[in-house]
Amino acid sequence: MKPFGVPLISVSRNLNVGDWEVTSREASPGSPVPWSVRKTRLHGGKQEGVDLIAIDNGRMQITIIPARGMGVLSARSGDFKLGWDSPVREVVHPSFIHLDSRGGLGWLEGFNEHICRCGIEYNGHPGPDTFTDFSGRETTVNLNLHGRIANLPAQEVEIAVDPDPPYRIRIRGEVCERTFYGPRLLLKTEISTEPGQNGFRISDSITNMGSQPQEFEIFYHCNYGQPLLGEGARFVAPVRRVTPLNARAAEGIREFDAYAGPVAGFQEQVYCMRLAADARGRTEAMLRDAAADRAVSLAFSIQELPCLTLWKDTGAPEDGYVTGIEPGVNFPHNRRLERKAGRVPKLGGGERHSMTIDFQAHEGRTEVRSLEDRIRAIQGSEPPVLDERPEDLA
Amino acid sequence: MKPFGVPLISVSRNLNVGDWEVTSREASPGSPVPWSVRKTRLHGGKQEGVDLIAIDNGRMQITIIPARGMGVLSARSGDFKLGWDSPVREVVHPSFIHLDSRGGLGWLEGFNEHICRCGIEYNGHPGPDTFTDFSGRETTVNLNLHGRIANLPAQEVEIAVDPDPPYRIRIRGEVCERTFYGPRLLLKTEISTEPGQNGFRISDSITNMGSQPQEFEIFYHCNYGQPLLGEGARFVAPVRRVTPLNARAAEGIREFDAYAGPVAGFQEQVYCMRLAADARGRTEAMLRDAAADRAVSLAFSIQELPCLTLWKDTGAPEDGYVTGIEPGVNFPHNRRLERKAGRVPKLGGGERHSMTIDFQAHEGRTEVRSLEDRIRAIQGSEPPVLDERPEDLA
Amino acid sequence: MKPFGVPLISVSRNLNVGDWEVTSREASPGSPVPWSVRKTRLHGGKQEGVDLIAIDNGRMQITIIPARGMGVLSARSGDFKLGWDSPVREVVHPSFIHLDSRGGLGWLEGFNEHICRCGIEYNGHPGPDTFTDFSGRETTVNLNLHGRIANLPAQEVEIAVDPDPPYRIRIRGEVCERTFYGPRLLLKTEISTEPGQNGFRISDSITNMGSQPQEFEIFYHCNYGQPLLGEGARFVAPVRRVTPLNARAAEGIREFDAYAGPVAGFQEQVYCMRLAADARGRTEAMLRDAAADRAVSLAFSIQELPCLTLWKDTGAPEDGYVTGIEPGVNFPHNRRLERKAGRVPKLGGGERHSMTIDFQAHEGRTEVRSLEDRIRAIQGSEPPVLDERPEDLA
């Protein structure tokens, strides 16, 4: 059988299929688990004109936002929601976002995804960075929080379905950060899942389309609120070393992996970590609820994603009770600091960096326990080093 | 009879009804005055995609712009137009507005409404303001002129018609200024009129949807040009005290309530006023033409809107010959100055501030005279204090 | 016969005809050369919602972008393409452009046109400019690279076809740079061609719609890559004087009119020129390929466009191998420097400046030779003055 594949949004074909749907009947009739993919357009307020692509693999519903850099809005498995309740309610169209506004914090006006990429030219805290631009000039520019990629519309979005079992469903897209006299970085993403799977995979690559070497940064801002997050919830990963981002985070270094319930006015705490991995470089991080009955895990390679940032922001529910697990090539300091620390990689002309993360929902104590055991095994007997003080990057 | 109500634009229902119309026949057949409401979409240039909602109550046509924060573009009663002729001709879609551009004056590129709200996080002159953000950090941000609300698209826009006489027609909408790590202010507005009425009402509330206390500012920039404005036109209100905004305004303090004809190159003059009110706190301000034959009045409560700003900008017609009557909770100084003066109110988590303004057109000398008498009665025998110098806020 | 004319995009008529087409059969049946004009809408990524208007005059295809200030995306005559391959691939909708971003270089994120106007309030390098605004205040604003006009959507776009031979096809449009308390500059453009012609004409005017005097700046950024540009290609014009823009350009002053092949990492060189003209003030500039077999020429009046800037940016093809021939009223220094040099003209209230450029493709050595002879005749025996150093504007 010919593999099923359809372009949904395409610059090269000058195409947006509009509202659209496909089911397993048409695309993989052999699949024992029925599934569907729907593309719908949002209306009203700041979400006018935003398209969503929702994969229902028969067990989990995964919703992708092409207009917001192919971020993942949410994943849901029955009443088990992966994601969070941001005070930002609509799926904001990028044309309403001004990244440089609010002193470089404009990004926050659209922030409500389960998973959004930060990057890819730069991705850390706002503020000035001085660098040599591609024409050899030294230039100083105010970088905005978390970069541009989450507010850029995708092109070459398509669905492809494997013709053979397990009939993997793949949504692909491209998002470009490119400008004349500046970076030409192409993000290619494939978000895929198997019918019946309680999870999904993100496989990305970043390619330097220019002729000159170019820095890049990326981390995946993966955000979880209730029901996973709550008093007694726990972050579990094979941590080798954890460093508080700032003095505020240092206050909580002893309990960096534990969560309190919502506290109105809570001030965020951010931890920068290095993880252990298995022989092939694979590692896993998890967030489990207080009862150890539900969890989400992220599995990835520390060669591809050597840095893990943990963000704790357990304020009042109406302000966004949330934690972020953020695998990346760097930590979220401003790029001038990350460069100093040697954590801003470069791609030569035509070069590419690839990354894959497997997201899995876990339900039931047995499954959660088994996941935790797996992570403890990677940790081994070596306890994490807890730094009392932030990294000195001044 | 079941009350008539239809959602027109809704995020929660993922809806925009597009071009749409209703008449009294369907919605209030009992109404002795036929009326209609039409929603139409604009095209061309910077107005591509902007919707207008036009209420024709049988006497007055009131046009609302959901995409521009539910501002009122114009009101017209026969050949009596309330509003002005701005050099900005199209109804500019917010995606073409960059509030931070032109040194914080980007707002002016879309400014042509009869009534637009300035606010609601801040609303004064552009420039730096240092404040404690909601996570407890002191931060300095360049505020843009007149805030964001007039360039944010509305959601939950609906029409509702009272089932009983006088069959009031209500257009409601919500506009949010919300961001993660920042204000969560919700403006709810209802713009309503009665069939056959030569006026309309704006009833607004601002609610702090977050858990932490939050400042807000608002004034209503209500603008009038010809035919009301002209040489000899007059502003009439029960003024207790009037203070020039700056040295330029101080030059004209003696004639703050009088208007000259258009003068090319005229430099604006702005006056900050406190008004007297009746026993219930209600007050009225009016602008009448030279012949005292036509007038517009704004009636409101000084508890809800304690500040009134008068803006005189009587330049050449092609530059926008106009005056603004601007009831608000504050004056248009930059927020750092208004805060110093104690005029930036705060809302606790979940708290709300409500405001209502009644706009009325008056035609014929008798009606205008009677309005003026009413205002003189509120003024009483106490003459206004005219400050020779601007407030000292340095 | 009644002249053929149809509005395509109009604010005053509230109109956008959407996808649309006309052919010579309907519009000028007498034309011996069949032609067509098509309006199509683009989809995908950052080009969602951009309309293109493509004139096929039977020999040359000329594509216009109303949403990007009536720029000319490309002109093509068989396999002879006038234009270039920018690393920016889509035709970017202005709502995705933030001119003030990247330290004022946001303009570059949409730059890929064959011809785009830079201006019209200002058009040079980014940076602060202090000027007296129209209300008499001295103000300092950071200007963005190349101004706003190329990222403003047109209105009153229409097609008109002459009823008589040679049945000239005209696409007209208006683009406004206007704001309250600021400039009110109206660009009217007509891009026209004759059936069968291997070229086209741009006739523009800029009008000050305000009452007060207003500065303006404009140059036409006309860009050429392969096949014209290549090692051995040559710029030919009757140059009276050529001044390097900066030290980098000064390095190449002896070969300012010669081109090398692509060199990865090449740093741009810019030359400011004054041209000779014939008795009527007309002059011509050309770019020809190495074989002197193909050329493009721009013919214009030095009264209308007294400055010519030559931009050489012969980097790697993937970075945009390109040269720009840029007739204008000024050079591309920041406006504060151009003002100092006396090159920022002013328009009084209601005044207008008109400009016409004829673009012509030339194929075959005979035609190219004859063009070059014409230019040499204007040059006469007076050789160009080559300045070794940039203009001193400090």
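In what order do the ten strands of the open sheet in chain C run? The order is β2-β1-β12-β13-β14-β15-β26-β22-β21-β18, and the pairing is antiparallel. This description rests on a predicted model.

**The sheet in chain C**

At the edges of the sheet stand β2 (15-16) and β18 (234-236) of chain C, each of which pairs on one side only. Strand β22 (residues 294-301) of chain C runs antiparallel to strand β26 (residues 352-363) of chain C, and seven bridges join the two. Within β26(C), C:I357 is the bridge partner of C:F300. Helix α5 (residues 365-379) of chain C lies across β18, β21 (282-288), β22 and β26 of chain C. The helix runs at about 135 degrees to β21(C).

**The sheet in chain B**

Chain B also has an open sheet of ten strands, in the order β2-β1-β12-β13-β14-β15-β26-β22-β21-β18 and with antiparallel pairing. Its edge strands are β2 and β18 (234-236) of chain B, each pairing on one side only. Three bridges link β18(B) to strand β21 (residues 282-288) of chain B, and these two strands run antiparallel. In β21(B), B:M286 is the bridge partner of B:V236. Helix α5 (residues 365-379) of chain B packs on the sheet, where it touches β18, β21, β22 (294-301) and β26 (352-363) of chain B. The direction of this helix makes about 135 degrees with that of β21(B).

**How the chains are related**

Chain A is superposed on chain C by a rotation of 120 degrees with 0.0 Å of shift along its axis, at an RMSD of 0.0 Å. The two copies are therefore related as by a three-fold rotation axis. In chain A, the C-alpha nearest the axis belongs to A:S95, 3.2 Å from it.

**Where the chains meet**

Why do the copies meet through different surfaces? Only 11% of the interface residues of chain A are also interface residues in chain C, so the surfaces through which the copies meet are different.

Methods: Residues are numbered from 1 along each chain as its sequence is written. Chains are lettered from A and ligands numbered from 1 in the order in which they are written. This is a predicted model: local features need pLDDT of at least 70, side-chain atom pairs count only at pLDDT 80 or more; totals for chains, interfaces and linings use all residues. Copies are superposed by least squares on the C-alpha atoms of residues with pLDDT of at least 70 in both. Two residues are in contact if their C-beta atoms, placed from the backbone, lie within 7 Å. Two strands pair if DSSP finds at least two bridges between them. Helices (H or I, at least four residues) and strands (E, at least two) are DSSP runs, numbered from the N terminus. Axes are lines fitted to C-alpha atoms, for helices over the stretch in contact, and angles run from 0 to 180 degrees between N-to-C directions.
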